[in-house]
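Subject: Structure handover

Hello,

Here is the structure I promised to pass on. Please open it first, then read my notes below.

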Amino acid sequence: SKHLRTGGPGASPPLFTEWGPFFRIDVVNNSDPAAPSKIVLHDGLIGSTLQEFRGDFSALDRFDTDSRRLPFALAKPNAKELIIGAAGGHEILAGLYFGAGSITAVEINPVTCSLVRETFADFTGHLANYPNVRYVNDEGRSFLARCKDRFDIINFVSPDSYSATNAA
């Protein structure tokens, strides 16, 4: 169940904790003031981030030197993007910044989906509600096998299945 927990000595308490079908998820504040984000921990290991976004795309110019820019440099304008392993939405932000025409973002973990859609939606700028974003709770490869759409960019963010352990 969802509840607040306290960390060990010197640790800030998690802002959110919930067990899901794959692992326990804790969300903690990032201690770096230059990086306005929250860290999503999977069984205590960094798994993703939730980036603060207030709708100002000029504030995302860090993507100009980020490797996330590469697919968009090669794709046609208004590319249709599929993100497999959308997690906390960092790749969605990059796709929006680089002008993707549509973004289908697939995330397997329902707890992570709830973070983006509900719990931290205000913090992340309601990414799942953008008109050109479709945020889907599904297993990515299975989704793609069933999907009739064609995509210009397939961004396979985290090619692990967590089928054995979180050590992936």
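One term first: a residue counts as buried when under 20% of its relative accessible area remains. Keep in mind that this is a predicted model.

Start with strand S3, residues 37–42. Six of its six residues are buried, so the strand is largely enclosed by the rest of the structure. In a regular strand, side chains alternate between the two faces of the sheet. Both faces of S3 are covered. Ser-37, Ile-39 and Leu-41 lie on one side. Lys-38, Val-40 and His-42 lie on the other.

S3 has strand partners. It pairs with S2 in the antiparallel sense, over five bridges. It also pairs with S4 (residues 45–51), again antiparallel, over six bridges. Look at His-42: it stands opposite Ile-25, and its bridge partner in S4 is Leu-45. S3 and S4 form a hairpin with two residues between them. Asp-43, in that turn, has a positive phi of about 50°.

Now the cores. The largest nonpolar core has 31 residues. Ile-25, Val-27, Ile-92 and Tyr-135 touch the most other members. Strands S2 (24–29), S6 (102–107) and S7 (133–137) each supply at least two residues of this core, as do helices H2 (90–97) and H3 (110–119). A second, separate core has seven residues, including Leu-82, Val-106, Phe-143 and Cys-147.

What does Tyr-135 touch, leaving aside residues up to four places away in sequence? Its contacts include Ala-86, Ile-92, Ala-105, Cys-113, Val-116 and Ala-128. Glu-107 and Arg-117 are also among them.

Best wishes

Definitions and conventions
Residues are numbered from 1 along each chain as its sequence is written. This is a predicted model: local features need pLDDT of at least 70, side-chain atom pairs count only at pLDDT 80 or more; totals for chains, interfaces and linings use all residues. Side-chain values use heavy atoms; hydrogens and water are left out. A nonpolar core is a set of buried Ala, Val, Leu, Ile, Met, Phe, Trp, Tyr and Cys residues joined through side-chain atoms within 4.5 Å. Buried means under 20% relative accessible area, exposed over 50%, partly exposed in between (1.4 Å probe, protein chains only). Helices (H or I, at least four residues) and strands (E, at least two) are DSSP runs, numbered from the N terminus. Contact means heavy atoms within 4.5 Å. Two strands pair if DSSP finds at least two bridges between them.
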